[in-house]
Amino acid sequence: MTYVVTEACVKCKYTDCVDVCPVDCFHEGPNFLVIDPEECIDCTLCVAECPVEAIYAEDDVPDDQQEFIAINAELASQWKVIIERKDPLSDADEWAKVKDKKHLLER
């Protein structure tokens with residue numbers, strides 16, 4: 001099993017999760033992070049670190065977020081690995097509680 005970053009991360013890109021990942025499985029896009037399912041070791045450390053609760057075990061991804069399983073796998077193969085914590089996007093706090101942001105995901 002792997003972990004999956006879901007819609008809550010869009011336009012926030014908090015990187016607290018990156019700091020605790022022991023295998024560097026996070027990849028960074030313009031306004032979103034993804035987890036490489038081939039690298040994730042199911043350690044669960046990232047889940048508690050996400051301030052917007054965007055990370056789920058693959059088996060626990062909510063029904064309305066299931067497409068993010070494929071999105072993580074696809075974009076992890078395209079985006080660069082991120083291994084150090086960075087500042088979140090400048091307006092991340094404003095976007096943190098916004099729902100229905102998938103259409104704002106920049107590839």
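This is a predicted model: local features need pLDDT of at least 70, side-chain atom pairs count only at pLDDT 80 or more; totals for chains, interfaces and linings use all residues.
Residues are numbered from 1 along each chain as its sequence is written, and side-chain values use heavy atoms, with hydrogens and water left out. Local features need pLDDT of at least 70 and side-chain atom pairs count only at pLDDT 80 or more, whereas totals for chains, interfaces and linings use all residues.

Two cavities of 30 Å³ or more were counted (on a 1 Å grid over the protein atoms alone, sets of points where a 1.4 Å probe fits but cannot get out; lining residues have an atom within 4 Å of a point). The largest cavity has a volume of about 70 Å³, and its lining includes Tyr3, Pro22, Phe26 and Asp42. This lining comprises ten nonpolar residues, one polar and one charged. The second largest cavity, of about 40 Å³, is lined by Val5, Cys9, Tyr14, Cys17, Leu33, Cys50, Val52, Ala54 and Ile55; nine of its lining residues are nonpolar, with no polar and no charged.

The largest pocket (an open set with protein on both sides within 12 Å along at least five of seven lines) holds about 370 Å³ of space. Of its 17 lining residues, Ala8, Val52, Glu53, Val98 and Lys99 lie nearest the centre. Eight residues of the pocket lining are nonpolar, two polar and seven charged.

One aromatic pair is present (ring centres within 6.5 Å; planes under 30 degrees apart count as stacked, over 60 as edge-to-face and the rest as tilted). The ring centres of Phe32 and Phe68 are 5.8 Å apart and their planes lie at 55°, so the pair is tilted. Both residues, Phe32 and Phe68, are buried (under 20% relative accessible area, with a 1.4 Å probe and protein chains only).

Technical notes
Grid points are joined across faces, edges and corners, and a volume is the space filled by probe spheres set on the points. Ala, Val, Leu, Ile, Met, Phe, Trp, Tyr, Cys and Pro count as nonpolar, Asp, Glu, Lys and Arg as charged, and the others, Gly among them, as polar. Rings of Phe, Tyr and Trp (its six-membered ring) pair if their centres lie within 6.5 Å; planes under 30 degrees apart count as stacked, over 60 as edge-to-face and the rest as tilted. Buried means under 20% relative accessible area, exposed over 50%, partly exposed in between (1.4 Å probe, protein chains only).
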